[in-house]
Amino acid sequence: MKSIWFDIDNSPHVLLFAPIIKILQNEGYDIIVTARDFAQTLPLLDKYKIRLWKL
């Protein structure tokens, strides 16, 4: 299985990568998301139901 890592460090990244992450997950990719607690980044990831590793 192929894995792809997304490091989300700012709120706009969530809006940019959320649809891409969903498409890749549906294609069978193992998605790893890391994020830091900055601005609205973590609440947005939660809203889009994206599992993450908090840094």
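Strand 1 (residues 3-8) and strand 2 (residues 30-35) run parallel, joined by six bridges. Strands here are DSSP runs (E, at least two residues), helices are DSSP runs too (H or I, at least four residues), and both are numbered from the N terminus. The model is predicted: local features need pLDDT of at least 70, side-chain atom pairs count only at pLDDT 80 or more, and totals for chains, interfaces and linings use all residues. Residues are numbered from 1 along each chain as its sequence is written, and side-chain values use heavy atoms, with hydrogens and water left out.

- The protein has two helices and three strands. From the N terminus, the order is β-α-β-α-β.
- Ile-8 stands opposite Ala-35 of strand 2.
- The three strands make an open sheet, ordered 1-2-3, with parallel pairing. Strand 1 and strand 3 (53-54) are the edges, each pairing on one side only. Two strands pair if DSSP finds at least two bridges between them.

**The nonpolar core**

- The largest nonpolar core has 13 residues. Such a core is a set of buried Ala, Val, Leu, Ile, Met, Phe, Trp, Tyr and Cys residues joined through side-chain atoms within 4.5 Å.
- The members that touch the most others are Phe-6, Ile-8, Ile-21, Ile-31, Val-33, Leu-45 and Ile-50.
- Strand 1, helix 1, strand 2 and helix 2 (41-47) each give two or more residues to this core. Helix 1 supplies the largest share, four residues.
- Beyond its neighbours within four places in sequence, Val-33 is in contact (heavy atoms within 4.5 Å) with residues including Phe-6, Ile-21, Arg-51 and Trp-53.

**Overall size and surface**

- The radius of gyration, taken over C-alpha atoms, is 10 Å, which agrees with the value near 10 Å for a compact globule of 55 residues. The globule rule is 2.2 Å times the number of residues to the power 0.38.
- Along its principal axes, the C-alpha trace spans about 30 × 20 × 15 Å.
- Of the 55 residues, 29% count as buried. Buried means under 20% relative accessible area, exposed over 50%, and partly exposed in between (1.4 Å probe, protein chains only).
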